[in-house]
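Trainee: I have a new structure open and would like to learn how to read it. Could you walk me through a few features?

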Amino acid sequence: MNASSPTNKSGDHGIVLLRSEELLNWSRESSLWPLTFGLACCAIEMMGSMASSYDLERFGIFPRPSPRQSDIMIISGTVTYKMADRIRRLYEQMAEPRYVISMGSCSNCGGPYWQHGYHVVKGVDKIIPVDVYVPGCPPRPEALIDGFLKLQEKIRQEKPLTGTALTGENPERL
Ligand code: SF4
């Protein structure tokens with residue numbers, strides 16, 4: 001295959017050919033900025049995964065202190081009814097397109113409080129749409145990193161120019 005072949009994407013002059021949607025998806029998946037936000041014990045593992053030993057910045061994952069600068073929210077901990085409104089408000093303040101990772105059993109389904117925890121929402125997807133669920137109590141940092149990689153895979157499948165976004169509305173929200 002020579003360099004001028006249409007199937008060869010990398011020519012002799014450093015030119016790369018790709019579709020606009022691939023470029024958009026690549027830039028989005030390579031600059032996921034999570035909101036610095038934790039709810040309970042899972043948040044400790046989330047903080048651990050942001051530390052130097054796991055080095056999330058090599059994936060372009062860089063925590064931000066404001067929802068206005070963030071495009072991903074990690075729900076790490078028990079979602080109480082008292083916090084539900086705040087979570088929803090923070091989600092709505094985030095830039096679009098925005099994504100959500102539900103980290104841990106509490107956030108996924110109520111965790112150890114699923115039966116008798118009258119104060120706990122049985123899954124954060126009743127409040128906001130979730131893109132990736134990470135199981136565990138608590139999930140280790142490696143599991144959260146795997147969740148990020150799964151999210152990147154999903155973003156790669158998006159069609160931003162034809163309007164098929166990843167996140168959807170959940171009709172069963174509170
Ligand atoms: S899933 Fe387990 S570790 Fe995570 S917030 Fe709930 S009780 Fe804590």
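Trainee: Which residues of helix α1 are buried?

Mentor: Happy to start there. This is a predicted model, where local features need pLDDT of at least 70, side-chain atom pairs count only at pLDDT 80 or more, and totals for chains, interfaces and linings use all residues. Residues are numbered from 1 along each chain as its sequence is written, and side-chain values use heavy atoms, leaving out hydrogens and water.

Mentor: Now the general idea: an α-helix has 3.6 residues a turn, so residues three or four places apart point the same way. In α1 (residues 20-29), the buried residues are E21, N25 and E29. Viewed down the axis of α1, they fall within an arc of 60°, so they line one face of the helix. The arc is that of the directions from the helix axis to the C-beta atoms. Buried means under 20% relative accessible area, exposed over 50%, and partly exposed in between (1.4 Å probe, protein chains only).

Trainee: What do the buried residues of α1 pack against?

Mentor: They pack against α5; a contact means heavy atoms within 4.5 Å.

Trainee: In what order do the elements of the protein run?

Mentor: Helices (H or I, at least four residues) and strands (E, at least two) are DSSP runs, numbered from the N terminus. Here there are five helices and three strands, and from the N terminus on they run α-α-β-α-β-α-β-α.

Trainee: Which residues are around the ligand?

Mentor: A residue is near a molecule if one of its heavy atoms lies within 4 Å of it. Around the ligand are A40, C41, C42, G77, T78, S105, C106, P112, G136, C137 and P138. By class, this shell has seven nonpolar, four polar and no charged residues. Ala, Val, Leu, Ile, Met, Phe, Trp, Tyr, Cys and Pro count as nonpolar, Asp, Glu, Lys and Arg as charged, and the others, Gly among them, as polar.

Trainee: Where do cis peptide bonds turn up?

Mentor: Most residues other than glycine have a negative phi, and most peptide bonds are trans. A cis bond joins C137 and P138, with omega about -10°; P138 is in the loop between β3 (132-134) and α5 (141-156). Another cis bond joins E96 and P97, with omega about -5°, and P97 lies in the loop between α3 (81-93) and β2 (99-103).

Trainee: And what is phi of D55?

Mentor: Phi of D55 is near 50°, a positive value in a residue other than glycine. D55 sits in the loop between α2 (42-50) and β1 (72-76) and is partly exposed, with a relative accessible area of 36%.
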